Amino acid sequence: MKATCIMCPLGCELVVTEKDGKVCVSGNTCKRGEMYGVSEYTHPVRTVTSLVKVEGGGVASVKTTKPIDKNRIFDVLGEIGKLTAPADAKIGDTLLSDVLGLGADVVVTGMSK
Amino acid sequence: MRRYDVAVIGGGPAGMAAALSAEENGAKVVLLERDVRLGGILNQCIHQGFGLHYFKEEMTGPEYADRFRKRVENSSIDVLLECMVLSIGKGLTLTALSPTEGLVEIKAGAIVLAMGCRERTAGAIMLPGTRPAGVYTAGMAQKLCNLEGYLVGREIVILGSGDIGLIMARRMTSEGAKVKLVLELAPYSSGLKRNIVQCLDDYGIPLKYSHTVTRLVGSPRLTGLYYAPVGKDKKPILEKEEYISCDALLLSVGLIPENDLLSGMGVEMSPVTSGAVVDENRMTSIAGLFSCGNVLHVHDLVDNVTVEAELAGKSAAEYAAGRLRPGKAVKVRASGGVRYALPQTIYAGDGATTVYFRVSDVFRNATLQAICGGETIFSKKFSVLAPGEMGSVRIDKSLIKGDDLEVTLK
(Lines give C-alpha, C1' and ligand atoms only; values in the text may rest on other atoms or scores of the structure.)
Protein backbone atom coordinates (compact mmCIF):
# COMPACT_ATOMS: atom_id res chain seq x y z
CA MET A 1 0.00 0.00 0.00
CA LYS A 2 1.24 3.47 -0.84
CA ALA A 3 0.38 6.35 1.46
CA THR A 4 1.37 9.96 2.01
CA CYS A 5 2.19 10.46 5.67
CA ILE A 6 0.13 13.23 7.30
CA MET A 7 2.00 13.43 10.60
CA CYS A 8 3.94 16.55 9.64
CA PRO A 9 4.18 18.87 6.64
CA LEU A 10 7.03 16.86 5.05
CA GLY A 11 4.45 14.44 3.66
CA CYS A 12 6.83 11.50 3.13
CA GLU A 13 5.66 8.96 0.58
CA LEU A 14 5.35 5.68 2.49
CA VAL A 15 5.27 2.14 1.18
CA VAL A 16 3.57 -0.30 3.55
CA THR A 17 3.89 -4.04 3.02
CA GLU A 18 2.93 -7.11 4.99
CA LYS A 19 5.23 -10.10 5.22
CA ASP A 20 4.66 -13.13 7.44
CA GLY A 21 2.04 -11.23 9.40
CA LYS A 22 4.42 -8.33 10.09
CA VAL A 23 3.72 -4.85 8.74
CA CYS A 24 6.77 -3.07 7.30
CA VAL A 25 6.98 0.64 6.52
CA SER A 26 9.55 2.31 4.29
CA GLY A 27 9.92 5.84 2.99
CA ASN A 28 9.41 7.43 6.41
CA THR A 29 11.99 9.78 7.90
CA CYS A 30 10.85 9.53 11.51
CA LYS A 31 9.24 7.19 14.04
CA ARG A 32 5.86 8.94 13.84
CA GLY A 33 5.81 8.21 10.14
CA GLU A 34 6.46 4.54 10.78
CA MET A 35 3.60 4.47 13.31
CA TYR A 36 1.32 6.27 10.87
CA GLY A 37 2.16 3.76 8.13
CA VAL A 38 1.25 0.82 10.35
CA SER A 39 -1.89 2.53 11.62
CA GLU A 40 -3.04 3.54 8.15
CA TYR A 41 -2.61 -0.03 6.92
CA THR A 42 -4.23 -1.82 9.85
CA HIS A 43 -6.69 0.71 11.27
CA PRO A 44 -6.79 4.20 9.76
CA VAL A 45 -7.71 6.96 12.21
CA ARG A 46 -8.30 10.72 12.01
CA THR A 47 -8.74 13.55 14.50
CA VAL A 48 -12.14 15.22 14.07
CA THR A 49 -12.53 18.99 14.45
CA SER A 50 -15.85 20.79 14.28
CA LEU A 51 -18.08 23.47 15.79
CA VAL A 52 -20.80 23.53 18.45
CA LYS A 53 -23.40 26.08 19.50
CA VAL A 54 -22.78 28.05 22.67
CA GLU A 55 -25.55 28.72 25.17
CA GLY A 56 -26.70 32.30 24.73
CA GLY A 57 -25.01 32.84 21.38
CA GLY A 58 -21.82 32.26 19.50
CA VAL A 59 -20.00 29.10 18.52
CA ALA A 60 -17.15 27.07 19.97
CA SER A 61 -14.61 25.03 18.02
CA VAL A 62 -14.00 21.49 19.28
CA LYS A 63 -11.78 18.49 18.59
CA THR A 64 -11.48 14.84 19.54
CA THR A 65 -8.66 14.34 22.04
CA LYS A 66 -7.43 11.34 20.06
CA PRO A 67 -7.79 10.31 16.41
CA ILE A 68 -10.79 7.99 15.88
CA ASP A 69 -11.62 5.29 13.33
CA LYS A 70 -11.68 6.96 9.89
CA ASN A 71 -14.93 5.14 9.05
CA ARG A 72 -16.70 6.75 12.00
CA ILE A 73 -15.90 10.42 11.20
CA PHE A 74 -19.47 11.29 10.25
CA ASP A 75 -20.94 9.37 13.21
CA VAL A 76 -18.72 11.42 15.53
CA LEU A 77 -19.68 14.64 13.71
CA GLY A 78 -23.31 13.65 14.28
CA GLU A 79 -22.75 13.37 18.04
CA ILE A 80 -20.85 16.67 18.09
CA GLY A 81 -23.78 18.31 16.33
CA LYS A 82 -26.02 17.49 19.31
CA LEU A 83 -23.79 19.32 21.79
CA THR A 84 -24.17 22.83 23.19
CA ALA A 85 -21.30 24.38 25.10
CA PRO A 86 -22.05 26.40 28.24
CA ALA A 87 -21.53 30.15 27.92
CA ASP A 88 -18.61 30.06 30.37
CA ALA A 89 -16.81 27.19 28.65
CA LYS A 90 -13.02 27.45 28.51
CA ILE A 91 -10.48 26.04 26.08
CA GLY A 92 -9.75 22.49 27.20
CA ASP A 93 -13.17 21.82 28.78
CA THR A 94 -14.61 18.38 28.00
CA LEU A 95 -18.03 18.53 26.39
CA LEU A 96 -18.43 14.78 25.81
CA SER A 97 -16.46 11.89 27.21
CA ASP A 98 -15.58 8.82 25.19
CA VAL A 99 -17.68 9.72 22.14
CA LEU A 100 -19.47 6.60 20.83
CA GLY A 101 -17.13 4.47 22.94
CA LEU A 102 -14.29 5.21 20.53
CA GLY A 103 -11.86 6.23 23.27
CA ALA A 104 -11.69 9.95 22.54
CA ASP A 105 -13.30 12.89 24.34
CA VAL A 106 -14.64 16.02 22.65
CA VAL A 107 -13.01 19.16 24.06
CA VAL A 108 -13.35 22.89 23.45
CA THR A 109 -10.50 24.44 21.45
CA GLY A 110 -11.79 28.00 21.03
CA MET A 111 -14.70 30.31 21.77
CA SER A 112 -15.99 32.76 19.16
CA LYS A 113 -17.06 35.26 21.82
CA MET B 1 1.95 61.35 21.85
CA ARG B 2 2.46 57.99 23.56
CA ARG B 3 6.02 56.74 23.66
CA TYR B 4 7.12 53.13 23.47
CA ASP B 5 10.36 51.34 22.72
CA VAL B 6 8.65 48.94 20.31
CA ALA B 7 5.28 49.20 18.58
CA VAL B 8 3.95 46.01 16.96
CA ILE B 9 1.28 46.34 14.28
CA GLY B 10 -0.93 43.24 14.17
CA GLY B 11 -1.90 40.89 16.99
CA GLY B 12 -1.90 37.53 15.23
CA PRO B 13 0.74 34.85 15.82
CA ALA B 14 3.52 37.04 14.39
CA GLY B 15 2.56 40.15 16.34
CA MET B 16 2.10 38.33 19.63
CA ALA B 17 5.43 36.50 19.35
CA ALA B 18 7.26 39.69 18.31
CA ALA B 19 5.75 41.68 21.17
CA LEU B 20 6.63 38.99 23.74
CA SER B 21 10.18 38.70 22.42
CA ALA B 22 10.67 42.48 22.42
CA GLU B 23 9.42 42.68 26.01
CA GLU B 24 11.70 39.81 27.07
CA ASN B 25 14.57 41.80 25.63
CA GLY B 26 13.82 44.81 27.79
CA ALA B 27 11.50 46.92 25.63
CA LYS B 28 8.33 48.78 26.64
CA VAL B 29 5.91 47.40 24.05
CA VAL B 30 2.54 48.34 22.57
CA LEU B 31 0.65 45.81 20.45
CA LEU B 32 -2.03 47.21 18.11
CA GLU B 33 -4.74 44.91 16.77
CA ARG B 34 -7.72 45.94 14.61
CA ASP B 35 -9.97 43.06 15.73
CA VAL B 36 -11.80 42.70 19.05
CA ARG B 37 -9.24 40.19 20.30
CA LEU B 38 -5.77 38.83 19.64
CA GLY B 39 -5.14 35.71 17.60
CA GLY B 40 -5.36 36.86 14.02
CA ILE B 41 -6.18 34.28 11.40
CA LEU B 42 -5.61 31.44 13.90
CA ASN B 43 -8.95 32.23 15.53
CA GLN B 44 -10.75 30.81 12.51
CA CYS B 45 -8.37 27.90 11.81
CA ILE B 46 -10.14 25.29 13.91
CA HIS B 47 -8.30 22.36 12.28
CA GLN B 48 -5.28 20.49 13.69
CA GLY B 49 -1.73 20.87 12.48
CA PHE B 50 -0.29 23.76 14.51
CA GLY B 51 2.54 23.71 17.00
CA LEU B 52 4.19 20.42 16.11
CA HIS B 53 7.62 22.04 15.80
CA TYR B 54 7.35 24.90 18.30
CA PHE B 55 5.46 23.12 21.11
CA LYS B 56 6.31 19.53 20.08
CA GLU B 57 2.56 18.97 20.30
CA GLU B 58 -0.10 19.18 17.62
CA MET B 59 -3.03 21.50 18.28
CA THR B 60 -5.69 23.58 16.55
CA GLY B 61 -5.25 27.22 15.51
CA PRO B 62 -7.32 28.74 18.35
CA GLU B 63 -5.37 26.67 20.91
CA TYR B 64 -2.03 27.86 19.49
CA ALA B 65 -3.24 31.46 19.56
CA ASP B 66 -4.49 31.05 23.12
CA ARG B 67 -1.05 30.01 24.38
CA PHE B 68 0.41 33.30 23.17
CA ARG B 69 -2.62 35.38 24.12
CA LYS B 70 -2.32 34.18 27.74
CA ARG B 71 1.39 35.05 27.78
CA VAL B 72 0.62 38.52 26.41
CA GLU B 73 -2.11 39.04 29.00
CA ASN B 74 0.33 38.12 31.76
CA SER B 75 3.01 40.49 30.45
CA SER B 76 3.49 44.24 30.68
CA ILE B 77 2.70 44.67 26.98
CA ASP B 78 0.08 47.37 26.36
CA VAL B 79 -2.54 45.87 24.05
CA LEU B 80 -4.81 48.17 22.05
CA LEU B 81 -7.71 46.19 20.54
CA GLU B 82 -10.15 47.42 17.89
CA CYS B 83 -7.30 49.72 16.98
CA MET B 84 -6.56 50.28 13.30
CA VAL B 85 -3.21 51.75 12.35
CA LEU B 86 -3.86 54.36 9.66
CA SER B 87 -0.37 55.47 8.82
CA ILE B 88 3.30 55.25 9.71
CA GLY B 89 5.02 58.62 9.80
CA LYS B 90 8.53 59.99 9.89
CA GLY B 91 10.67 59.23 12.89
CA LEU B 92 8.92 55.91 13.54
CA THR B 93 5.63 57.48 14.58
CA LEU B 94 2.29 55.96 13.86
CA THR B 95 -1.32 57.09 13.89
CA ALA B 96 -4.13 54.73 14.82
CA LEU B 97 -7.87 54.94 15.38
CA SER B 98 -9.98 53.10 17.94
CA PRO B 99 -13.56 53.47 19.16
CA THR B 100 -12.41 53.44 22.78
CA GLU B 101 -9.17 55.43 22.55
CA GLY B 102 -10.04 57.75 19.67
CA LEU B 103 -7.09 58.99 17.65
CA VAL B 104 -3.87 57.46 18.97
CA GLU B 105 -0.44 58.87 18.14
CA ILE B 106 2.56 56.78 19.04
CA LYS B 107 6.29 57.50 18.85
CA ALA B 108 8.30 54.29 18.88
CA GLY B 109 11.97 53.40 19.07
CA ALA B 110 11.24 50.62 16.58
CA ILE B 111 8.18 49.34 14.72
CA VAL B 112 7.43 45.72 13.87
CA LEU B 113 5.08 45.03 10.95
CA ALA B 114 2.99 41.88 11.54
CA MET B 115 -0.19 42.56 9.57
CA GLY B 116 -0.44 39.21 7.82
CA CYS B 117 -2.15 38.73 4.46
CA ARG B 118 -5.41 39.34 2.70
CA GLU B 119 -6.85 37.02 0.04
CA ARG B 120 -6.91 37.55 -3.71
CA THR B 121 -10.53 38.27 -4.58
CA ALA B 122 -13.01 37.35 -7.31
CA GLY B 123 -12.63 40.85 -8.75
CA ALA B 124 -8.88 40.41 -9.04
CA ILE B 125 -9.17 37.27 -11.15
CA MET B 126 -11.91 38.71 -13.37
CA LEU B 127 -14.16 35.66 -13.67
CA PRO B 128 -16.38 35.99 -16.74
CA GLY B 129 -20.13 35.61 -16.39
CA THR B 130 -22.61 37.03 -13.93
CA ARG B 131 -21.90 38.69 -10.58
CA PRO B 132 -24.06 36.53 -8.34
CA ALA B 133 -24.29 35.96 -4.61
CA GLY B 134 -22.47 32.79 -3.59
CA VAL B 135 -18.89 33.64 -4.57
CA TYR B 136 -16.59 33.84 -1.55
CA THR B 137 -12.91 33.69 -0.85
CA ALA B 138 -12.16 30.47 1.04
CA GLY B 139 -11.01 32.47 4.08
CA MET B 140 -14.25 34.43 4.21
CA ALA B 141 -16.26 31.20 3.99
CA GLN B 142 -14.06 29.87 6.81
CA LYS B 143 -14.68 32.94 8.95
CA LEU B 144 -18.44 32.84 8.38
CA CYS B 145 -18.48 29.15 9.21
CA ASN B 146 -16.09 28.88 12.12
CA LEU B 147 -16.77 32.16 13.90
CA GLU B 148 -20.43 32.76 13.00
CA GLY B 149 -21.83 29.29 12.33
CA TYR B 150 -22.98 29.98 8.75
CA LEU B 151 -22.77 27.54 5.86
CA VAL B 152 -22.33 29.59 2.69
CA GLY B 153 -23.72 26.93 0.34
CA ARG B 154 -24.79 23.32 -0.03
CA GLU B 155 -23.19 22.41 -3.36
CA ILE B 156 -19.66 23.74 -3.48
CA VAL B 157 -16.99 24.14 -6.13
CA ILE B 158 -13.55 25.30 -5.01
CA LEU B 159 -11.09 27.10 -7.28
CA GLY B 160 -7.53 26.71 -6.06
CA SER B 161 -5.88 23.79 -4.29
CA GLY B 162 -3.81 25.84 -1.87
CA ASP B 163 -4.14 24.97 1.81
CA ILE B 164 -7.13 27.23 2.46
CA GLY B 165 -9.09 25.65 -0.38
CA LEU B 166 -8.22 22.14 0.78
CA ILE B 167 -9.05 22.84 4.42
CA MET B 168 -12.41 24.34 3.43
CA ALA B 169 -13.20 21.31 1.24
CA ARG B 170 -13.04 19.19 4.37
CA ARG B 171 -14.75 21.78 6.55
CA MET B 172 -17.77 22.24 4.29
CA THR B 173 -18.08 18.45 3.90
CA SER B 174 -18.02 18.03 7.70
CA GLU B 175 -20.91 20.46 8.06
CA GLY B 176 -23.11 18.71 5.51
CA ALA B 177 -22.34 20.46 2.24
CA LYS B 178 -21.38 18.54 -0.89
CA VAL B 179 -18.03 19.64 -2.25
CA LYS B 180 -18.39 18.55 -5.85
CA LEU B 181 -15.06 19.57 -7.34
CA VAL B 182 -11.76 21.31 -6.68
CA LEU B 183 -10.10 23.00 -9.65
CA GLU B 184 -6.42 23.93 -9.77
CA LEU B 185 -4.87 26.10 -12.48
CA ALA B 186 -1.36 24.70 -12.07
CA PRO B 187 -0.35 21.10 -12.78
CA TYR B 188 0.38 20.70 -9.05
CA SER B 189 -1.10 21.84 -5.75
CA SER B 190 0.50 24.70 -3.82
CA GLY B 191 -0.81 23.21 -0.59
CA LEU B 192 0.72 20.66 1.76
CA LYS B 193 0.59 17.08 0.50
CA ARG B 194 -0.96 15.95 3.75
CA ASN B 195 -3.90 18.25 3.11
CA ILE B 196 -4.59 16.59 -0.25
CA VAL B 197 -4.82 13.29 1.67
CA GLN B 198 -6.82 14.34 4.71
CA CYS B 199 -9.07 16.91 3.01
CA LEU B 200 -9.75 15.49 -0.45
CA ASP B 201 -8.75 11.81 -0.67
CA ASP B 202 -10.40 10.97 2.67
CA TYR B 203 -13.73 12.31 1.36
CA GLY B 204 -13.48 11.25 -2.28
CA ILE B 205 -13.52 14.86 -3.46
CA PRO B 206 -12.23 15.11 -7.04
CA LEU B 207 -9.36 17.47 -7.88
CA LYS B 208 -8.64 18.50 -11.45
CA TYR B 209 -5.20 19.96 -12.10
CA SER B 210 -4.62 22.37 -14.97
CA HIS B 211 -8.24 23.49 -14.93
CA THR B 212 -9.97 26.76 -14.21
CA VAL B 213 -13.41 28.37 -13.98
CA THR B 214 -14.37 30.00 -17.28
CA ARG B 215 -17.83 31.42 -16.59
CA LEU B 216 -20.21 32.01 -13.67
CA VAL B 217 -23.92 31.33 -14.21
CA GLY B 218 -26.90 32.53 -12.25
CA SER B 219 -28.42 35.73 -10.96
CA PRO B 220 -29.05 36.88 -8.27
CA ARG B 221 -27.49 33.70 -6.84
CA LEU B 222 -24.92 31.37 -8.36
CA THR B 223 -26.58 28.31 -9.92
CA GLY B 224 -23.58 26.80 -11.69
CA LEU B 225 -20.38 27.44 -13.56
CA TYR B 226 -18.39 26.40 -16.59
CA TYR B 227 -14.87 25.09 -16.23
CA ALA B 228 -12.25 23.99 -18.72
CA PRO B 229 -8.75 22.52 -18.91
CA VAL B 230 -5.93 24.99 -19.54
CA GLY B 231 -2.96 24.70 -21.85
CA LYS B 232 0.69 25.19 -20.91
CA ASP B 233 0.06 28.94 -21.26
CA LYS B 234 -2.59 28.64 -18.51
CA LYS B 235 -5.26 29.81 -20.98
CA PRO B 236 -8.57 27.86 -21.01
CA ILE B 237 -9.27 25.46 -23.87
CA LEU B 238 -12.87 26.56 -24.36
CA GLU B 239 -13.79 23.72 -26.73
CA LYS B 240 -13.51 21.42 -23.72
CA GLU B 241 -15.69 23.55 -21.43
CA GLU B 242 -17.98 21.64 -19.08
CA TYR B 243 -20.85 22.76 -16.84
CA ILE B 244 -21.36 21.93 -13.18
CA SER B 245 -24.22 23.10 -10.97
CA CYS B 246 -23.36 24.67 -7.63
CA ASP B 247 -24.62 27.32 -5.22
CA ALA B 248 -21.27 28.49 -3.90
CA LEU B 249 -17.81 28.98 -5.36
CA LEU B 250 -14.91 29.27 -2.93
CA LEU B 251 -11.77 30.97 -4.17
CA SER B 252 -8.37 29.97 -2.85
CA VAL B 253 -6.32 31.86 -5.42
CA GLY B 254 -3.58 33.54 -3.50
CA LEU B 255 -2.58 35.41 -0.36
CA ILE B 256 -1.28 38.96 -0.61
CA PRO B 257 0.85 40.38 2.19
CA GLU B 258 -1.04 43.33 3.63
CA ASN B 259 1.60 46.03 3.04
CA ASP B 260 -0.76 48.90 2.15
CA LEU B 261 0.50 50.84 5.19
CA LEU B 262 3.89 51.07 3.52
CA SER B 263 2.75 52.85 0.35
CA GLY B 264 4.57 56.08 -0.21
CA MET B 265 7.16 55.32 2.45
CA GLY B 266 9.83 54.23 0.01
CA VAL B 267 10.39 50.86 1.68
CA GLU B 268 12.27 48.51 -0.62
CA MET B 269 9.83 45.72 -1.56
CA SER B 270 10.43 42.35 -3.19
CA PRO B 271 8.23 41.74 -6.23
CA VAL B 272 8.60 37.98 -5.65
CA THR B 273 7.42 37.84 -2.03
CA SER B 274 5.28 41.03 -2.16
CA GLY B 275 6.83 41.78 1.20
CA ALA B 276 9.63 44.05 2.32
CA VAL B 277 13.26 43.30 1.53
CA VAL B 278 14.89 42.55 4.89
CA ASP B 279 18.18 41.72 6.50
CA GLU B 280 19.03 38.95 8.92
CA ASN B 281 17.41 40.92 11.76
CA ARG B 282 14.21 41.26 9.72
CA MET B 283 14.84 45.02 9.42
CA THR B 284 13.56 46.66 6.24
CA SER B 285 15.34 49.32 4.22
CA ILE B 286 13.98 51.87 6.72
CA ALA B 287 16.05 51.90 9.90
CA GLY B 288 14.01 50.75 12.89
CA LEU B 289 11.20 49.29 10.77
CA PHE B 290 11.01 45.49 11.04
CA SER B 291 8.79 42.94 9.32
CA CYS B 292 7.82 39.35 10.15
CA GLY B 293 5.23 36.66 9.54
CA ASN B 294 2.93 36.54 6.55
CA VAL B 295 3.24 40.28 5.84
CA LEU B 296 6.90 39.59 5.02
CA HIS B 297 6.43 36.36 3.06
CA VAL B 298 3.61 33.83 3.03
CA HIS B 299 4.39 30.96 5.39
CA ASP B 300 3.08 27.39 5.48
CA LEU B 301 3.65 26.75 9.17
CA VAL B 302 2.76 29.04 12.03
CA ASP B 303 5.70 27.57 13.95
CA ASN B 304 8.07 29.29 11.50
CA VAL B 305 6.07 32.52 11.82
CA THR B 306 6.64 32.42 15.58
CA VAL B 307 10.39 31.84 15.24
CA GLU B 308 10.70 34.64 12.67
CA ALA B 309 8.62 37.02 14.78
CA GLU B 310 10.67 36.31 17.91
CA LEU B 311 13.77 37.23 15.94
CA ALA B 312 12.17 40.45 14.66
CA GLY B 313 10.91 41.39 18.12
CA LYS B 314 14.31 40.86 19.72
CA SER B 315 16.01 42.85 16.96
CA ALA B 316 13.49 45.67 17.34
CA ALA B 317 14.12 45.83 21.09
CA GLU B 318 17.86 45.90 20.51
CA TYR B 319 17.54 48.59 17.85
CA ALA B 320 15.41 50.75 20.15
CA ALA B 321 18.05 50.36 22.87
CA GLY B 322 20.87 51.23 20.46
CA ARG B 323 22.34 47.74 20.78
CA LEU B 324 21.82 46.44 17.23
CA ARG B 325 25.20 46.34 15.50
CA PRO B 326 25.20 44.31 12.30
CA GLY B 327 28.50 43.17 10.77
CA LYS B 328 29.58 43.30 7.13
CA ALA B 329 26.66 42.89 4.74
CA VAL B 330 26.43 39.80 2.50
CA LYS B 331 23.82 39.94 -0.26
CA VAL B 332 21.73 36.78 -0.61
CA ARG B 333 20.52 35.98 -4.13
CA ALA B 334 18.23 33.24 -5.39
CA SER B 335 18.98 31.57 -8.70
CA GLY B 336 18.06 28.51 -10.76
CA GLY B 337 14.98 26.77 -9.41
CA VAL B 338 14.95 28.85 -6.24
CA ARG B 339 12.20 31.45 -6.53
CA TYR B 340 13.31 33.50 -3.55
CA ALA B 341 15.59 33.34 -0.54
CA LEU B 342 15.01 35.37 2.63
CA PRO B 343 16.54 37.33 4.31
CA GLN B 344 18.00 39.14 1.33
CA THR B 345 20.98 40.34 3.41
CA ILE B 346 22.89 38.49 6.10
CA TYR B 347 25.84 39.70 8.15
CA ALA B 348 29.33 38.26 8.41
CA GLY B 349 30.21 37.09 11.88
CA ASP B 350 30.09 34.11 14.19
CA GLY B 351 27.45 31.50 14.59
CA ALA B 352 24.86 30.34 12.12
CA THR B 353 21.84 31.84 10.46
CA THR B 354 18.81 30.36 8.74
CA VAL B 355 17.91 31.29 5.17
CA TYR B 356 14.34 30.45 4.07
CA PHE B 357 13.45 29.74 0.46
CA ARG B 358 10.79 28.58 -1.96
CA VAL B 359 11.29 26.83 -5.29
CA SER B 360 9.53 27.74 -8.50
CA ASP B 361 8.35 24.28 -9.54
CA VAL B 362 8.22 20.71 -8.26
CA PHE B 363 11.76 19.28 -8.30
CA ARG B 364 12.77 15.69 -7.59
CA ASN B 365 16.21 14.58 -6.42
CA ALA B 366 17.57 18.10 -6.65
CA THR B 367 20.48 19.54 -4.70
CA LEU B 368 20.15 22.87 -2.95
CA GLN B 369 23.43 24.74 -2.70
CA ALA B 370 24.66 27.94 -1.08
CA ILE B 371 27.65 29.34 -2.96
CA CYS B 372 29.91 32.12 -1.69
CA GLY B 373 32.83 33.48 -3.69
CA GLY B 374 32.73 30.47 -5.99
CA GLU B 375 32.87 28.03 -3.08
CA THR B 376 29.93 25.79 -2.13
CA ILE B 377 29.48 26.28 1.59
CA PHE B 378 26.25 24.32 1.93
CA SER B 379 24.80 21.46 -0.07
CA LYS B 380 21.75 19.30 0.59
CA LYS B 381 19.91 16.80 -1.60
CA PHE B 382 16.13 16.75 -1.45
CA SER B 383 13.99 13.90 -2.82
CA VAL B 384 11.15 16.35 -3.46
CA LEU B 385 10.96 20.14 -3.31
CA ALA B 386 7.62 21.80 -4.02
CA PRO B 387 6.61 25.48 -4.33
CA GLY B 388 3.99 25.01 -1.63
CA GLU B 389 6.51 23.93 1.00
CA MET B 390 8.95 26.54 2.30
CA GLY B 391 12.43 25.16 2.95
CA SER B 392 15.28 26.43 5.07
CA VAL B 393 19.04 26.08 5.16
CA ARG B 394 21.28 26.66 8.13
CA ILE B 395 24.33 28.65 7.03
CA ASP B 396 27.55 28.50 9.05
CA LYS B 397 28.59 32.16 8.91
CA SER B 398 32.25 31.41 9.53
CA LEU B 399 32.36 29.85 6.06
CA ILE B 400 31.29 33.10 4.37
CA LYS B 401 34.35 34.69 2.78
CA GLY B 402 32.79 37.10 0.28
CA ASP B 403 29.94 39.60 0.15
CA ASP B 404 27.61 37.55 -2.03
CA LEU B 405 25.72 34.34 -1.24
CA GLU B 406 23.92 32.53 -4.04
CA VAL B 407 21.19 30.06 -3.09
CA THR B 408 20.54 27.80 -6.03
CA LEU B 409 19.08 24.47 -7.04
CA LYS B 410 20.82 21.96 -9.28
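This is a predicted model: local features need pLDDT of at least 70, side-chain atom pairs count only at pLDDT 80 or more; totals for chains, interfaces and linings use all residues.
**Notes on the two-chain model**

1. Starting with a cysteine: B:Cys372 is buried, at 4% relative accessible area (buried is under 20%, exposed over 50%, partly exposed in between, with a 1.4 Å probe and protein chains only). A:Cys30, by contrast, is partly exposed at 38%.

2. Residues are numbered from 1 along each chain as its sequence is written, chains are lettered from A and ligands numbered from 1 in the order in which they are written, and side-chain values use heavy atoms, with hydrogens and water left out.

3. Now the interface. 30 residues of chain B are in contact with 28 residues of chain A (contact: heavy atoms within 4.5 Å). The two chains bury about 2300 Å² between them, 58% of it on carbon and sulfur atoms; that is accessible area (1.4 Å probe) lost on putting the two parts together, summed over both.

4. Chains B and A share 3 salt bridges, each a side-chain nitrogen of Lys or Arg within 4 Å of a carboxyl oxygen of Asp or Glu. One pairs B:Glu63 with A:Lys63, at 3.1 Å from N to O. On the chain B side, H6(B) gives the most, with 4 residues (helices are DSSP runs of H or I, at least four residues, and strands runs of E, at least two, numbered from the N terminus).

5. Have a look at B:Thr273, in the loop between strands S18 (255–257) and S19 (289–291) of chain B. This threonine is buried, at 7% relative accessibility. A polar atom of the B:Thr273 side chain lies 3.1 Å from the backbone nitrogen of B:Gly275. Leaving aside neighbours within four places in sequence, B:Thr273 touches B:Pro257, B:Leu296, B:His297 and B:Tyr340.

6. Next, the backbone. Most residues other than glycine have a negative phi, and most peptide bonds are trans. Here, cis peptide bonds join B:Ser219 to B:Pro220, with omega about 5°, and B:Leu342 to B:Pro343, again with omega about 5°. B:Pro220 sits in the loop between S14 (211–217) and S15 (224–229).

7. Positive phi values turn up at B:Leu92, near 55°, and at B:Asn365, about 50°. B:Leu92 is in a loop between S6 (84–89) and S7 (93–98) and is buried at 12%. B:Asn365 is in strand S24 (residues 363–372) and is exposed at 51%.

Note on methods
A polar contact is a pair of N or O atoms within 3.5 Å; within protein, one must be able to donate a hydrogen and the other to accept it, and residues adjacent in sequence count only if both atoms are side-chain atoms.
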